[in-house]
Amino acid sequence: MAAALERALGPAAPGEGSEAALPPLPVLVLGPAGSGRTSLLLRAALAGGADGPRALFLAPSAIPRLPGGAGTDPRALQRLELRYPCSRSSLCRELVWHLSLSPHPPALLLLDGLERYLGASPAAPARLAALLLQLCRVPRCPPRVPPQLVAALRLPPPGPHVLGTLLRFFPARCHLRPARGDSPGHARVTLRCPGTAGRRWRLRLGDSGGDRGGDSPGDSPGDSPGDSGGDSGSEEEWE
């Protein structure tokens, strides 16, 4: 799963452990509003051009514009399916269909706006994460490799203990921070997997489809219910 992000981002910076193969782990992409989470997921979906994996992109609201643009292989769009379940129940229906019943299941599952599906129950994050992993492992006939899973969560988390709970199910994590100073329009990306050195990149925002930061139109940090009472602290503390 982490390999899907590395394929999208390209070679890591020198000295960042780029020589080691990344383990096939589910990845949780973390970042504040506007940090490029949506752009990164779409970049992962389109990486590899026509030869990349069949990808399913799920989000609670439509992206501002379709991915593509200069340098994008138009054949890559033919293997990308965009779906916008607006509630937790509709998300579960999409997951069951595409991962258990569809004759053409995705090889790459990208879930944007995870915070919008968690619900108010303290047990909801664990239940949703467990469902995601369980459905990704459903046996199919003929046998197939389980889909790669990458999910994006906006920081700050939408409630206490949410991030700690999710990290039990997503051992690999990818942090995005908007670059400041001399690099406007870019984000710093750090990918960490257990047993490997952290890898770092610089991502240009919005070059693989409109970046909405994973939020619905009009949202801003703190607009979502629970943002005011969730985990607190700096981005460094979440790392």
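Predicted model: local features only at pLDDT ≥ 70, side-chain atom pairs only at ≥ 80, totals over all residues.
**Entry 1: helix 4 and the strands**

Helix 4 (residues 88-101) lies across strand 2 (55-58), strand 3 and strand 4 (108-111), and helix 4 runs at about 175 degrees to strand 2. Helices (H or I, at least four residues) and strands (E, at least two) are DSSP runs, numbered from the N terminus. Axes are lines fitted to C-alpha atoms, for helices over the stretch in contact (heavy atoms within 4.5 Å), and angles run from 0 to 180 degrees between N-to-C directions.

I noted the ground rules. Residues are numbered from 1 along each chain as its sequence is written, and side-chain values use heavy atoms, leaving out hydrogens and water. Local features need pLDDT of at least 70 and side-chain atom pairs count only at pLDDT 80 or more, whereas totals for chains, interfaces and linings use all residues.

I then turned to helix 5 (residues 124-136), which has 13 residues. Its buried residues (under 20% relative accessible area, with a 1.4 Å probe and protein chains only) include Leu128, Leu132 and Leu135. The buried residues of helix 5 pack against helix 4, strand 4, strand 5 (148-155) and helix 6 (162-169).

How far apart are the axes of helix 4 and helix 5? They are 9 Å apart, and the packing angle is about 15 degrees. The two helices are therefore roughly parallel to each other (angles under 35 degrees). Among the residues of helix 4 that meet helix 5 are Leu91, Leu95 and Leu99.

I traced an open sheet of eight strands with the order 3-2-4-5-1-6-7-8 and mixed pairing. Two strands pair if DSSP finds at least two bridges between them. The edge strands, strand 3 (80-83) and strand 8 (199-204), each pair on one side only. The twist averages 20 degrees from one strand to the next.

I checked strand 6 (residues 172-178) and strand 7 (residues 186-192), which run antiparallel and are joined by six bridges. Arginine 177 stands opposite arginine 188 in strand 7.

**Entry 2: strand 5**

Which residues lie on each face of strand 5? On one side I found Gln148, Val150, Ala152 and Arg154, and on the other Leu149, Ala151, Leu153 and Leu155, all of them buried. In a regular strand the side chains alternate between the two faces of the sheet.

Strand 1 (residues 27-32) runs parallel to strand 5 and is joined to it by six bridges, and valine 29 has alanine 152 as its bridge partner. Strand 4 pairs with strand 5 in the parallel sense over four bridges, where leucine 111 has alanine 151 as its bridge partner.

Methods: Expected span 1.5 Å × (residues − 1). Buried < 20%, exposed > 50% of the residue type's maximum accessible area, 1.4 Å probe, protein only. Parallel < 35°, antiparallel > 145°, perpendicular 65-115°, else oblique.
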